[in-house]
Amino acid sequence: MGIENVPNHMLAAQVVEYNKPYAFNTIPTPTSLSEYDLLLKVKVASLCHTDGMVSAGSFSTRLPCTASHEGCGQVVAVGASVKDFKKGDRVMAGIPFHRCGHCPDCLGPAEFHHYCPNLGGHLGVTTHGAFAEYMLCDARESSPIPDRMTYETAARQQSLMTLQ
């Protein structure tokens with residue numbers, strides 16, 4: 001069963017071979033949402049040094065992998081346990097994906113969540129990222145984009161947070 005007004009397939013820029021240019025592939029649009037997932041219609045995604053490291057094989061990323069961990073978009077669907085976002089919201093996707101929520105790192109301050117030993121991955125690094133028409137992200141790690149901020153500015157802010 002598809003999500004209303006979401007195509008079955010989408011275009012994505014993917015790392016398909018280390019140390020080679022991205023390949024533009026038509027892939028299935030993610031439609032199976034876990035309890036804390038957001039499905040975003042990507043509006044802006046940016047490139048940073050991490051993307052170069054993924055392309056070089058520094059993280060032993062399983063290929064193919066849709067690149068970019070710096071994505072912003074509009075929510076088109078929410079998982080069953082998502083409370084802080086709704087369809088139509090503007091969101092900056094968080095990098096950690098599917099943390100367990102029970103370990104000391106998950107129960108500690110937000111800046112420790114990405115250390116979860118049971119983490120499902122990091123967007124654009126070990127799981128599909130934002131260089132696509134649609135992307136999944138974890139609502140617990142994502143942030144609303146204020147109405148006065150453009151998607152482009154939000155993506156730049158995300159890259160600055162990566163550097164901190």
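Residues are taken as buried under 20% relative accessible area, as exposed over 50%, and as partly exposed in between. The model described here is predicted. By this scale Tyr22, at 24% relative accessibility, counts as partly exposed, whereas Phe131, at 18%, counts as buried. These two residues form the 1 aromatic pair that the structure holds. The ring centres of Tyr22 and Phe131 lie 5.9 Å apart and the planes meet at 75°, so the pair is edge-to-face. The pair links distant parts of the chain, 109 residues apart: Tyr22 belongs to the loop between β1 and β2, and Phe131 to the loop between β8 (121-122) and β9.

The charged end of Lys41 sits over the ring of Tyr134, at 4.9 Å from the ring centre. For Arg90, the charged end sits over the ring of Tyr151, at 4.6 Å from the centre.

The antiparallel pairing of β1 with β2 extends over 6 bridges, and Gln14 has Ala23 of β2 as its bridge partner.

The other sheet has 5 strands in the order β9-β3-β5-β6-β10, also with antiparallel pairing. Here β9 and β10 (143-144) stand at the edges; each has a single partner strand, and therefore one side of each lacks a neighbour in the sheet. Strand β6 (residues 90-92) runs antiparallel to β10 and is joined to this strand by 2 bridges. Met92 has Ser143 of β10 as its bridge partner.

The largest nonpolar core contains 25 residues, and those with the most contacts inside it are Leu38, Leu39, Leu40, Met135 and Cys137. Two or more residues are given to this core by each of β1, β3 (37-46), β5 (70-78) and β9 (134-138). A second, separate core has 7 residues, including Val44, Cys72, Ala154 and Ala155. Beyond its neighbours up to four places away in sequence, Leu39 touches Ile3, Val6, Pro30 and Leu33, among others. The contacts of Leu39 also include Gln74, Val75, Val76 and Ala77, as well as Tyr134, Met135 and Leu136. In soluble globular proteins, nonpolar side chains tend to be buried together.

Most residues other than glycine have a negative phi, and most peptide bonds are trans. The peptide bond from Leu63 to Pro64 is cis, with omega near 0°; Pro64 is placed in the loop between α1 (49-56) and β4 (65-66). Asn19 is not a glycine, yet has a positive phi of about 60°. This residue lies in the loop between β1 and β2 (23-28) and, with a relative accessible area of 60%, is exposed. A positive phi, near 60°, is also found for His98, in the loop between β7 (96-97) and α2 (104-107). His98 is partly exposed, with a relative accessible area of 24%.

Asn5 lies in the segment before β1 (9-15). With a relative accessible area of 68%, Asn5 is exposed. Its C-alpha atom is separated by 34 Å from that of Cys116, a residue 111 places away along the chain.

Notes: Residues are numbered from 1 along each chain as its sequence is written. This is a predicted model: local features need pLDDT of at least 70, side-chain atom pairs count only at pLDDT 80 or more; totals for chains, interfaces and linings use all residues. Side-chain values use heavy atoms; hydrogens and water are left out. Helices (H or I, at least four residues) and strands (E, at least two) are DSSP runs, numbered from the N terminus. Buried means under 20% relative accessible area, exposed over 50%, partly exposed in between (1.4 Å probe, protein chains only). A nonpolar core is a set of buried Ala, Val, Leu, Ile, Met, Phe, Trp, Tyr and Cys residues joined through side-chain atoms within 4.5 Å. Contact means heavy atoms within 4.5 Å. Two strands pair if DSSP finds at least two bridges between them. Rings of Phe, Tyr and Trp (its six-membered ring) pair if their centres lie within 6.5 Å; planes under 30 degrees apart count as stacked, over 60 as edge-to-face and the rest as tilted. A charge sits over a ring if NZ of Lys or CZ of Arg is within 6 Å of the ring centre and within 35 degrees of the ring normal.
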